[in-house]
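Q: I'd like to learn how to read helices in a structure. Could you walk me through some examples?

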Amino acid sequence: MASDGPNMQRTTFTSVLFFVFVAVAAEAQLSTSFYDSTCPHAASIVQAKVDAFVESDRGLAAALMRLHFHDCFVRGCDGSVLLNSTDPNILTEKSALLNNNSLRGFEQIDEIKMELECACPGVVSCADILALVARDATVKVGGWSWPVFLGRIDGAGSFADEVNGSLPERRDNFTKLVETFAKVGLDAKDMIILSGGHSIGQVHCGAFFERLYNFQGLNITDPSMDPEFAAMLKAQCPPTRPFDFMALDATNGTFDSTYYLDLLTNKGLLESDVALLSDPLGVEYAIKAVQDPNTFLFEFGMAMIKMGNIPASDPYGWRKHCAFTEPKF
């Protein structure tokens, strides 16, 4: 009898994932059926828009996933990363040093919100849109789906000075990364698995210039970096072009476990990526991801559900416009 292979595995894993997290999501009062009666086509509307966006610009997949990460780590999953500054003396999260000229996809979120407001006025939160978009963007470029639990409440506050210290940074070591994730209720395994989000996307060359040209201030290349890989980087990222882009892994634009293979073969880019292998747990999960890519895809979905359950620290209501607040409705 022929086996269904990966498709059967995917169905089984997704079913297990759903039941594992039903209880957790229930505690956060989230549900996969939250909009079934008030906006039954919400998920399909979001998926159709994301599919179109990513077909037009494959690089948007990483950008849209990243918005959900950056949202949840600051003030919880409340859509606060989407808010514009309305007071010149108060900068919002998107204007913070770690986010400014780094995040994109805001126009696409606004477009999705507009279509949802036409279909179901005053129903779907901006925070829920980010959660759905992150899942759909990942699936569009090769990742596995996961159930998105819905019912998040948008926040009204967004402050740039809360970003520093809340988000993981590219120079963080393993201990610092674990500490940052622990602040929002995520453990070391979650950190290692969610780092796999770097399977897609690009980074400015300048983000790894220190490793490439001035490791520890010695004007040398990080000796742990594969020599041929370093030579390729120097050819594509000369010191005079810090704002050029480099793919974060060898299969740029496809969500898979190649990111971990790159780390294990000394071809990681960022210090925070390479730091994963400084701890036995990181090595263990990197090897596991390479040897069993399906397990990684499954566990990434589990970790995304857990991250998506980070509660809003200051819930406000459902915002009609994702970029600014208005009286509650």
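Predicted model: local features only at pLDDT ≥ 70, side-chain atom pairs only at ≥ 80, totals over all residues.

Q: Which residues of helix α9 are buried?

A: Start with the general idea: an α-helix has 3.6 residues a turn, so residues three or four places apart point the same way. In α9, which spans residues 227-236, the buried residues are Phe 229, Ala 230 and Leu 233. Viewed down the axis of α9, these fall within an arc of 100°, so they line one face of the helix. Pro 227, Glu 228 and Ala 235 are exposed on the other side of α9.

Q: What covers the buried residues of α9?

A: The cover includes α8 (209-213) and β3 (245-247).

Q: How do α3 and α5 pack?

A: Two packed helices are described by the angle between their axes and the distance between the axes. Here, α3 (residues 60-72) and α5 (residues 126-140) pack at about 145°, and their axes are 8 Å apart. The crossing of α3 past α5 is left-handed.

Q: Which residues meet where α3 and α5 pack?

A: From α3, the residues include Leu 64, Met 65 and His 68. Their partners in α5 include Leu 130, Val 133 and Ala 137.

Q: Which residues does the UniProt domain annotation cover?

A: An unreviewed UniProt entry annotates residues 29-326 as "domain: Plant heme peroxidase family profile". In the model, that span is 43% helix and 4% strand, and its end C-alpha atoms lie 24 Å apart.

Conventions:
Residues numbered from 1 in each chain as written. Heavy atoms only, no water. Buried < 20%, exposed > 50% of the residue type's maximum accessible area, 1.4 Å probe, protein only. Helix = DSSP H or I, 4+ residues; strand = E, 2+ residues; numbered from the N terminus. Arc of directions from axis to C-beta. Contact = heavy atoms within 4.5 Å. UniProt positions renumbered as here; feature names shortened; annotations may be inferred. Axes fitted to C-alpha atoms, helices over the stretch in contact; angles between N-to-C directions. Left-handed = near helix turned anticlockwise from the far one by under 90°.
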